[in-house]
Amino acid sequence: MQKSFVDINTIHELHKLYSCPPPKHPLVSFLPLQQASRNNFPEKETVFRLGFYAVYLKQLKGSMGYGRSHYDFDQGTLVFTAPGQAVSTQRYISYDDGWGLFFHPDLLYRTALGKKIHGYSFFQYDANEALHVSGDEKKTLRSCADNVTQEYSQNIDKHSQELIVNNLELLLNYCSRFYDRQFLTRSKPSQDLVQQFESLLLDYFSKDSLIDDGLPDVKYFASRLNLSADYLSDLLNRYTGKTTLEHIHLQLVDKAKSLLWSTEKNISEIAFELGFEHPSHFTKIFKNKTGKSPSDFRQQN
């Protein structure tokens, strides 16, 4: 079945889609999903592109598409989307519970949250990497969302934006904490993924195909593990203290050291063999990780 694409660029357009009254604030809104009508949704599955950030707490009977995957939300989970991301959903879904908190990037203009919003990497996670929250955690997040709602529902004054944004930041910080908890409570599957990544990494650099294939990137390993790039990096960082890119560079440096020790090839030849188009790029990474240039390292060893 062919999907249709709909762009929802403003909070006002979102309220119209859900047949809700006009928003009380043009840049932020909280919507209980049980009260949102889906009569304006097309009959066929639709892909929506939102022009703002969204945090959904969903407990429903049905499924929701996110990126290339579908996810079952019967247990109640949090999903995050950033502006421009594609979200597909069906018209006929029965919500047991759930709400959506939506805020436009313009709300964050010249705020501390605006400067750090991209640091909340869970906005780039896939649906199968959603955050599962406990009953108490749901209450904590709902309290933050209610504070936001209370602020934009009363008379707007010079303090309103700061208080709204502060409560949004508090909610996102709690989400970061709860994700850390989820990584820990699911330690066995998480550790399995770390081991699978390390095996893939060693296997890639053990081959003599770097000249043809080039250096692997984060997306390569994420796709092999059926994860988003940001989720993989966060997972590795929590269990190893290093991101995916740092692991790639360390493995690259280990192989470079072996070539510097065991061959007479010049630096440019080694860089080419490791998949670099420009030797200067190789030298920069090597020096960053070892504190020495490849030439100095060879001479001292």
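The model is predicted: local features need pLDDT of at least 70, side-chain atom pairs count only at pLDDT 80 or more, and totals for chains, interfaces and linings use all residues. Residues are numbered from 1 along each chain as its sequence is written, and side-chain values use heavy atoms, with hydrogens and water left out. The chain has 301 residues, and 48% of them are buried.

**Confidence**

- pLDDT is the predictor's confidence in each residue, from 0 to 100.
- The protein chain averages a pLDDT of 85, and 86% of the residues score at least 70.
- Residues 60-74 have a pLDDT below 50. Beyond near neighbours in sequence, this stretch makes 51 contacts in the model.
- Where pLDDT is low, the predicted coordinates should not be read in detail.

**Make-up of the chain**

- The protein chain holds 12 helices and 10 strands. Helices (H or I, at least four residues) and strands (E, at least two) are DSSP runs, numbered from the N terminus.
- A contact means heavy atoms within 4.5 Å. Among contacts between residues at least 6 apart in sequence, 71% join residues at least 24 apart.

**Cavities**

- Rolling a probe the size of a water molecule over the atoms shows where empty space is left.
- On a 1 Å grid over the protein atoms alone, a cavity is a set of points where a 1.4 Å probe fits but cannot get out. A pocket is an open set with protein on both sides within 12 Å along at least five of seven lines. Lining residues have an atom within 4 Å of a point.
- Grid points are joined across faces, edges and corners, and a volume is the space filled by probe spheres set on the points.
- The count comes to two cavities of 30 Å³ or more.
- The second largest cavity has a volume of about 40 Å³. It is lined by 11 residues, and the closest to its centre are Val79, Phe80, Tyr125, Asp126 and Ala130.
- Strand β7 (residues 77-81) gives the most to this lining, with three residues.
- By class, the lining of the second largest cavity has nine nonpolar, no polar and two charged residues. Ala, Val, Leu, Ile, Met, Phe, Trp, Tyr, Cys and Pro count as nonpolar, Asp, Glu, Lys and Arg as charged, and the others, Gly among them, as polar.

**Second largest pocket**

- The second largest pocket has a volume of about 190 Å³.
- Its lining has 14 residues, of which Asn128, Gln182, Arg186, Leu193 and Tyr231 lie nearest its centre.
- Helices α4 (160-185) and α5 (187-206) are the elements that give two or more residues to this lining.
- The lining of the second largest pocket divides into eight nonpolar, four polar and two charged residues.

**Glutamine 182**

- Glutamine 182 sits in helix α4. It is buried, because its relative accessible area is 5%.
- Its side chain reaches the backbone oxygen of alanine 130 at 3.1 Å.
- Leaving aside neighbours within four places in sequence, glutamine 182 is in contact with Ala130, Leu131 and His132.

**Lysine 116**

- Lysine 116 belongs to helix α2 (residues 112-116). At 36% relative accessibility, it counts as partly exposed.
- A polar contact of 3.4 Å joins the side chains of lysine 116 and tyrosine 120. A polar contact is a pair of N or O atoms within 3.5 Å; within protein, one must be able to donate a hydrogen and the other to accept it, and residues adjacent in sequence count only if both atoms are side-chain atoms.
- Not counting residues up to four places away in sequence, lysine 116 touches Glu169 and Asn173.
- Lysine 116 and glutamate 169 are 53 residues apart along the chain, yet their C-alpha atoms are separated by 9.6 Å.

**Histidine 15**

- Histidine 15 lies in helix α1 (residues 11-17). It is buried, with a relative accessible area of 6%.
- Beyond residues up to four places away in sequence, histidine 15 touches Cys20, Pro21, Pro22, Pro23, Ser29 and Leu31.

**Positive phi values**

- Arginine 110 is not a glycine, but its phi is positive, near 60°. Arginine 110 is in the loop between β9 (94-103) and α2, and is exposed at 73% relative accessible area.
- Asparagine 226 also is not a glycine and has a positive phi of about 60°. Asparagine 226 is in the loop between α7 (218-224) and α8 (229-240), and counts as exposed at 60% relative accessibility.

How values were computed:
Buried means under 20% relative accessible area, exposed over 50%, partly exposed in between (1.4 Å probe, protein chains only).
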